[in-house]
Amino acid sequence: MRLTKYYLPILKENPAEAQIASHRLMLRAGMIRQASAGIYSWLPMGFKVLRRLENIVHEEQQRAGHLPMLMPTLQSADLWKESGRYEDYGKEMLRISDRHGRDMLYGPTNEELITDIFRNSVGSYKDLPLTLYHIQWKFRDEVRPRFGVMRGREFLMKDGYNFDLTKEDALHAYNRHFVSYLRTYERMGLKAIPMRADGGPIGGDYTHEFLVLADTGESDVFYDSTVTDLTFGDREIDFSDRAGLQAIYDEWTKPYARTDETHDDALFSEVPEAQRRQSKGIEVGQIFYFGTKYSEPMNAVVVDDSGQRVPVHMGSHGIGVSRLVGALIEANHDENGIIWPEGVAPFKVGIVNLKQGDTDADAACEGLYKGLTAKGLDPIYDDREERAGAKFATMDLIGCPWRITVGPRGLKNGVVELTSRRTGESEEMSPEAALDRVAQIYAGV
Ligand SMILES: Nc1ncnc2c1ncn2[C@@H]1O[C@H](COP(=O)(O)OP(=O)(O)O)[C@@H](O)[C@H]1O
Ligand SMILES: [Mg+2]
């Protein structure tokens, strides 16, 4: 992309309504615009990041054997009356009636709808296990939408639902989600810690929230610092290997890590004092096993191998895709702007032409632009007639992980400069070497 052809409406001033860095930077970098309270339009660069996150989520869910689909945003109230949640959900649910006076709602989640789909088409244990998911906009009429996309009213969520014959099978699905979520966040360059969460009225031990540590998080968290040293790396995972998945689950849940809802002072005091941490976290996902909570009232049953009709065991598993854009920025920025991790950067590399109109500089930039594009390295080329300072400020704000700076003086010696956004370190090298280096960096991402 050439900047002169792009739509990047940068704000020079800090918007007064933004209280936290991610909200401020998303507005300043022209990623989003507020449409109404808690509802945003995603401008091209914001949309690009959102799509990258969606792609990672899709890849990791499908790797785990889960099937993508798409359910609508608008749902009939009838199903929610059946499960009993139409009344329970309260004011967070946006209720609508259509021209025929039918009660509809903008879905805040999809347990009822997916259970209805399941019960209408699955009848035998032989069709199990089954996990379906989609990535779709949700609406929750939050009392206090705030912090931009972090607590919106309309937000994008991946929600997945498993259907299993037994509790044991459903816990295998739980572990598949646990491990696929670890992989997903790590690929995005995020450290999200699974923490034991509150099962709500149904209780049980089977819910974990994944939290990104950040001062601006809304959850209080307590953990053993050793949990932050765990990394997934490039382990080979066989998602059908129950014992293998259980071992990973055990590894991550052994150190103490809980949200305030389940925090236990006595247990926490057993953690060596030097390792005890208390801080704030952003919830970027949650997994849940809830047994037959919906399958019983909604009559989602299968015939088991002895001919009995039994309600299926279910769980639901969410990732806050649009919130993740904010969480990523909270975890990766400095006073000059965003610092995208390589795995999610909207543009992998920026090209800065220090002297637009100079024959040599223009030709070198064009060469790099074409070469990087051909290698799939998605460059953004600042080809505006602007001062170098303004170009650097733009690159820093939008957070390309790598920048190649091209100017007539360097070119006389046959070099350009490759700079890391994160460390600020620069190195001079030939344009060809810079291209190879960038290709090499992204080969492992
Ligand atoms: N208002 C919101 N704005 C943005 N993302 C949200 C919002 N509410 C929930 N999410 C995201 O969706 C994920 C799954 O939602 P869920 O666990 O059902 O939400 P909650 O914990 O708020 O009840 C959460 O982990 C979070 O990342
Ligand atoms: Mg939650």
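**Sheets, domains and a ligand shell in a predicted model**

Strands β19 and β20 run parallel and are joined by four bridges; strands here are DSSP runs of E at least two residues long, helices are runs of H or I of at least four residues, and both are numbered from the N terminus. This is a predicted model, in which local features need pLDDT of at least 70 and side-chain atom pairs count only at pLDDT 80 or more, while totals for chains, interfaces and linings use all residues. Residues are numbered from 1 along each chain as its sequence is written, with chains lettered from A and ligands numbered from 1 in the order in which they are written.

Buried here means 20 or more other C-beta atoms within 10 Å of the residue's own, exposed means 12 or fewer, and partly exposed is in between, with C-beta atoms placed from the backbone.

The two strands belong to an open, five-stranded sheet with mixed pairing, ordered β20-β19-β21-β22-β23; strands count as paired if DSSP finds at least two bridges between them. At the edges sit β20 and β23 (426–429), each pairing on one side only. From one strand to the next, the twist averages 20°. Axes are lines fitted to C-alpha atoms, for helices over the stretch in contact, and angles run from 0 to 180 degrees between N-to-C directions. Strand β22 (residues 416–420) runs antiparallel to β23, with four bridges between them, and Val416 stands opposite Met429 of β23.

Two helices go with this sheet. Helix α10 (residues 359–374) packs on it, touching β19, β20, β21 (402–406) and β22, and its direction makes about 170° with that of β19. Contact means C-beta atoms, placed from the backbone, within 7 Å of each other. Helix α13 (residues 431–443) lies across β19, β21, β22 and β23 and runs at about 25° to β22.

As for the domains, the protein splits into domain 1 (15–337) and domain 2 (347–443), with bounds from an automatic or database domain assignment. Five residues from domain 1 and four residues from domain 2 make the contact. The C-alpha centres of the two domains are 38 Å apart.

Gly343 is in the loop between β18 (337–338) and β19 (349–353). It counts as partly exposed because it has 17 C-beta neighbours inside 10 Å. Leaving aside residues up to four places away in sequence, Gly343 touches Arg187, Met188, Gly189 and Val445. Arg52 is 291 residues from Gly343 in sequence, yet 8.4 Å away in space, C-alpha to C-alpha.

Then there is ligand 1. Of the 15 residues around it, Phe155, Gln286, Gly318, Gly320 and Arg323 come nearest, where near means a C-beta atom, placed from the backbone, within 6 Å. The shell has β8 (154–164), β13 (276–291), β16 (313–320) and α9 each supplying at least two residues, and β13 gives the largest share, four residues. Helix α9 (residues 321–331) is largely enclosed by the rest of the structure, since eleven of its eleven residues are buried; among them are Arg323, Leu324 and Glu330.
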